[in-house]
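Hello,

Here is the structure we talked about handing over. My notes on it follow below.

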Amino acid sequence: MMASMWIMADRGRRQALVLILCLIELSAVAGQARYSIPEEQAEGSFVGNIARDLGLDVARLISGKARIITKGGRQYVDLNKDKGILVIKERIDREELCGKTTPCSFSFEVILENPIQLYRVTVEVTDINDNSPLFPKDEISLKIAESVASGTRFSLESADDADVANNDIQKYTLKPSDHFKLEVQNQPDGGGFVEMVLQNPLDREKEETHSLVLIASDGGEPRRSGTVHIHITVLDANDNAPVCSQAVYKAEVKENSPEGTVITTVSANDPDKGVNGEVTYSIAHVAKETKQLFEVNVQTGEIKVAGKLDFEKSKTYQLNVQASDHGGYSDTCKVIIQITDENDNVPTIQLMSFSNSISEDSPPGTTIAVLNVDDEDSDGNGAVKCSINSDVPFKIESSLTGYYTIVTEDFLDRESIPEYNLTITVSDQGSSPLSSSKNINVKVSDVNDSPPKFDHSEYTKAVAENNSPGLSVFTVSANDADWGQNARVSYFLQERDINGLAVSSLVSVNSDTGVIHAVRSFDYEQIKWFEFNVTARDAGSPPLSSVATVKIIVQDQNDNAPQVLYPVQTGGSLVAEMVPRSAEVGYLVTKVVAVDVDSGQNAWLSYKLQKATDRALFEVGLQNGEIRTIRQVTDKDAVKQRLTVIVEDNGQPSRSATVIVNVAVADSFPEALSEFTDLTQDKEYNDNLTFYLVLALAVVSFLFITCLVVIISVRIYRWRQSRILYHSSLPVIPYYPPRYSDTLGSATLPHVYNYEVCRTTDSRKSDMKYMQPMSQSLVSVDGAVDDVPQVDKQLSGNRSQMSTLQKPPNNDWRFTQGQRPGPSGATGGPEVAMGTGPWPQPPTEAEQLQALMAAANEVSEATATLGPGTMGLSTRYSPQFTLQHVPDYRQNVYIPGSTATLTSNPQQQQATAQQATQQALPPPQASAQPEPPKAAQTPASKKKSTKKEKK
């Protein structure tokens, strides 16, 4: 046990030395901090204010994405970036973490980015007394011969306490102490073992067995202890103890040696014979982990490998091999085993910080990654070399032991190489080198450093005139070597004036595709070509642009017909060319001059004679348009010659114009003028004539339809009103118009005789109703018609009442009865005076037809022969003839729509009234309410009555 404690102490010193060396290397780090905490702290417990101790702001921790980097092991501490403190992440067991090593600590790195900063933090874990001393066995059995001399030492297994320092085992106590005392032997590695020394000789005959208690106590607070019971059996005498051949054995073994490998052999000699001389071997006083790595043969003393040896965990082991005989004597020898290192660990690469994207405008020396390289082997096997592939513009630099930085070595160009694949290779320097590699991909982020480039600096395109607006002319294209938004190209027109027009009124460009469209139709005669600039601009910040020149050539089309300049075609006057009759063959009559505003072959004109009065006399030059005679002019040739010349261009399709040339074949101007005076010129109708005709037809049709609709509407309205009045049972209330004024005294009736015509709802039953003169205050009208006989009776009485109610007319009658015109000049009988006689004889149908035909002839002759007084009428329509056929409307007053006639003779009125009163006197009850008289018969009613009489 004591040997085990010494081994653990030695290992702790070595670990402390390594820690001190690491702290010395940290001088190159940006900063470091050290904290001390007790073990077994709860999760979330405060460790330290890392932001304050490192002189950093909490904002820097957040912006720098601060994080903790540990090398392979567990992470016991976490970083709270919001508060800038370190807290316990999981429970820390110092014994599990460091074992017996003191001081116990662990380290980690805090790394920040932008810029990259590395800080090393060391946390020391202090021990608390949480473990009690523990013996390997609960009981120890010893056999001691009674002949053992005083001072003989008996080795005991020591207790083990996982705590360290003052919390470790501080003392051993043996009870009772009558025959034995305790001595603790310290070992160089800091451990120790306990020996029990015999003070007083044993006497088997007095006491055959002894029971002791060994107590191991630590120095912690509270104090903890462990016990083991020792049972001693007193044997007969065995007076020789085994003696080891060597007090110390040294051996070497390679790490990773297979189990069963023999390391060394220990031996001991016992002079006794027989059973007391037989020696057995065992490993005592070593740690539990060590016993699992080695084993000893009990009979032969061979020490073999029992577990996996790892040089990186422990380089040296010390075993205490005890040689014992059956008499209870023993001897202990030390075996020091040295573990030799093998290159069995591959170097590891751990990225501490890495940015997979770097801007192409980054200067040389920009850091893109920080990595840690580690090899757990020692010496040459643990020496590593780190490198990257040489075909990239990066290099690797060593910042401090085990840490490397990858930086840019040259300027980057994303347009040339958009990304790089870096292979990081690390190898050790062992006899059989081991290596490892790691691949990282670095993308070069784009910067807007490349302007758009057109395929051509100048573009030329021909477009035919008369194109449709919106025509796609062609497409300009520009490429940008940048990426993403920096490579999105937009196209714009540079404004300028072209012949007084803005270029945007001629063409437009699609900002996304670069397609150039014609905004308007081009006319070659106005503009033959034009140039403009198109700008290609990317969407970077700031944007870059380039300019290309575009030239549009307008191609001519045959869209203009030839125009004849001579001879001039006038609408009102006649122009003729004179040819003397003595003209020879080839005489130049005239020349047709025409132009075409088109160009090229579209403007090449040819002249042809289309029509001619005499084709054998004239010809037209095909190219020059000259009209010449092709034969001698003779006297038989007509004076008036009419030539139609067609002028045609050479376009496809061709266009043409015609001109009419009048030629006079005469020797003198008067002769030619006399011939062309009555020349009937062709009338050219106005183009608007058809429009006016159609418009007139539409107006007449509209008026006809409108009149027809109005007439039908009026008839329907009257029919509906008549139906309403016919079925109505209400009495008719007459309406009295105001009195007529008689300022000149020329009216046919005085103002006291005013009548109102009241049409009944059905003229078949009654023609009219009469109203009393305005002098009376009330006129009683019977509006209820019960039956037809009653109506007839009332009407018969009204005939006689008519003469009584109306007053004699004034004496303003211009003619006597003999002077009044009529069909024959005869006076009417008494029935005419009473209003019951026939209507004055109208003209016959033959006379009416004759009058109409005569009137039509006279009207046609009236425009030329208008005579005074007659107004263009013939003598047969003299005033005498006219008066003979016109009824005398002054003799009697006729009421239209009624059979009543008002006579102007007072005597006839009185006689007629008396006769009517005697013939039909109404009953006394009805006399108070006189009915209006029945009107005289009209020609219509007379015809009806005549038909009835015939039947």
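**Cysteines and the disulfide**

Cys386 has a relative accessibility of 10%, so this residue counts as buried. Please keep in mind that this is a predicted model. Cys707, at 46% relative accessibility, counts as partly exposed.

The structure holds 1 disulfide. This bond links Cys98 and Cys104, with an S to S distance of 1.8 Å. Both of these cysteines, Cys98 and Cys104, are buried. The torsion about their S-S bond is about 70 degrees, so the disulfide between Cys98 and Cys104 is right-handed.

**Cis prolines and positive phi**

Between helix H4 (94-98) and strand S6 (104-112) there is a loop that contains Pro103. The peptide bond leading from Thr102 into Pro103 is cis, and its omega is near -10 degrees.

A further cis peptide bond runs from Asn114 to Pro115, with omega near 0 degrees. Pro115 sits in the loop between S6 and strand S7 (117-126), and Asn114 is found in the loop between S6 and S7 as well. Asn114 also has a phi near 55 degrees, which is positive in a residue other than glycine. With a relative accessibility of 62%, Asn114 counts as exposed.

Asn256 is not a glycine either, yet its phi is positive at about 65 degrees. Asn256 counts as partly exposed, at 35% relative accessibility.

S36 and strand S41 (residues 529-538) run antiparallel and are joined by 5 bridges. Within this pairing, Val489 stands opposite Asp538 in S41.

**A nonpolar patch**

Phe691, Tyr692, Leu695, Val699, Phe702 and Leu703 make a nonpolar surface patch of about 640 Å². Of these residues, Tyr692 belongs to helix H8 (residues 689-726). What is the relative accessible area of Tyr692? The value is 48%, so Tyr692 is partly exposed.

Regards

Terms used. Residues are numbered from 1 along each chain as its sequence is written. This is a predicted model: local features need pLDDT of at least 70, side-chain atom pairs count only at pLDDT 80 or more; totals for chains, interfaces and linings use all residues. Side-chain values use heavy atoms; hydrogens and water are left out. Patches are made of residues with over 30% relative accessible area and no salt bridge: like charges are joined within 9 Å, nonpolar side chains (Val, Leu, Ile, Met, Phe, Trp, Tyr) within 5 Å. Accessible areas come from the Shrake-Rupley method with a 1.4 Å probe; for residues, only the protein chains shown count as cover. A salt bridge is a side-chain nitrogen of Lys or Arg within 4 Å of a carboxyl oxygen of Asp or Glu. Helices (H or I, at least four residues) and strands (E, at least two) are DSSP runs, numbered from the N terminus. Buried means under 20% relative accessible area, exposed over 50%, partly exposed in between (1.4 Å probe, protein chains only). Two strands pair if DSSP finds at least two bridges between them. A disulfide is a pair of cysteine sulfur atoms within 2.5 Å.
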